[in-house]
Amino acid sequence: MKKGFLLITFAFILSAAACSKNEVIDFCEGVDPEGNGAECGKEFTTGDLNGVLTAREPFETESITVKILRVEKDTAKPEKNMVISVDRDKRKAGFDLSFYNAGNYTVEAWKDSVKIGEGKVTIRDTY
C-alpha cells in the first residue's frame, strides 16, 4: 500500500514539474549586448528597469505582449500592456520597464493567447 502511494506521489510530482514553464522574466538594472541582464534582482527602488525574458524555445513570432499587473492583497490589477518586438529565431528578449509607484508587481509575457513567462518584482520608494 505504501509503495503504491509513494509511486503515485512521485508520478504526480514528476508530471507537475514537466508541465511547469521554464520561461522566466528577470528584472535588471541593465542589459549587455548579448541580451544578458546586469545587476538583476527581485526588489528595486522606483524608476526604470529592464526586463529580460528567457524562453525554452525560439519565439517564432515578431512580437510579444508584456502585461504589468499591480498585486494588492490577493488581487492582481492590470496596470499597463505593451507590445515588444522580438527576433523570431531568438529565445531571449530585453525590454524597458518603468515603475513609479511602490508595490508588488507581476509582469507577464504573452505570445498570442499563451502566457510564456512571468516574473515578480517588489518596488520600494526611493526615500
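**Entry 1: a loop residue**

In which loop is the place of Glu60? I found Glu60 in the loop between strand 4 and strand 5. A reminder to myself before going on: this is a predicted model. Glu60 is not a glycine, yet has a positive phi of about 55 degrees. I noted this because most residues other than glycine have a negative phi. I also looked up the surface of Glu60: with a relative accessible area of 54%, this residue is exposed, since the cut-off for exposed is over 50%.

**Entry 2: another positive phi**

Next I turned to Glu39, which lies in strand 2. Glu39 is not a glycine either, and its phi is positive, at about 55 degrees. Is Glu39 buried or exposed? I read a relative accessible area of 62% for Glu39, so I wrote it down as exposed.

**Entry 3: strand 1 and its partners**

I then followed strand 1, which covers residues 24-31. Strand 1 pairs with strand 2 (residues 37-41) in the antiparallel sense, over 4 bridges. In this pairing I saw Val31 standing opposite Gly37 of strand 2. The hairpin of strand 1 and strand 2 has 5 residues between the strands, and in it Gly35 takes a positive phi near 95 degrees.

Strand 1 also pairs with strand 4, again in the antiparallel sense, over 5 bridges. Which residue of strand 4 is the bridge partner of Phe27? I found Gly51 there.

**Entry 4: the disulfide**

How many disulfides does the structure hold? I counted 1. Cys28 and Cys40 form it, with their sulfur atoms 2.0 Å apart. Cys28 is in strand 1 and Cys40 in strand 2, so the pair ties together parts that are 12 residues apart in sequence. The torsion about the S-S bond of Cys28 and Cys40 is about 90 degrees, so I logged the disulfide as right-handed.

I checked both ends for accessibility. Cys28 has a relative accessible area of 0% and is buried, whereas Cys40 has 43% and is partly exposed.

**Entry 5: the nonpolar core**

Which residues have the most contacts inside the largest nonpolar core? I got Phe95 and Phe99, in a core of 23 residues. Strands 1, 4, 5, 6, 7, 8 and 9 each supply at least two residues of this core. The largest share, 4 residues, comes from strand 7, which runs over 92-99.

I listed what Phe95 touches, leaving out residues up to four places away in sequence. Among them are Ile25, Leu49, Val52, Leu53, Val66, Met82, Ile84 and Val107. Asn50 and Gly51 are also on the list for Phe95.

**Entry 6: a glutamate in strand 8**

Last, I looked up Glu108, which lies in strand 8. Is Glu108 buried or exposed? Its relative accessibility is 11%, and the cut-off for buried is under 20%, so Glu108 counts as buried.

What does the side chain of Glu108 make a polar contact with? I found the side chain of Trp110, at 3.0 Å. Setting aside neighbours within four places in sequence, Glu108 is in contact with residues including Ile25, Thr65, Val66, Lys67 and Leu69. Lys115, Gly117 and Glu118 are in contact with Glu108 as well.

Definitions and conventions: Residues numbered from 1 in each chain as written. Predicted model: local features only at pLDDT ≥ 70, side-chain atom pairs only at ≥ 80, totals over all residues. Heavy atoms only, no water. Core = buried A, V, L, I, M, F, W, Y, C linked by side-chain atoms within 4.5 Å. Buried < 20%, exposed > 50% of the residue type's maximum accessible area, 1.4 Å probe, protein only. Contact = heavy atoms within 4.5 Å. Polar contact = N/O pair within 3.5 Å; in protein donor to acceptor, adjacent residues only side chain to side chain. Pairing = 2+ DSSP bridges. Disulfide = S-S within 2.5 Å.
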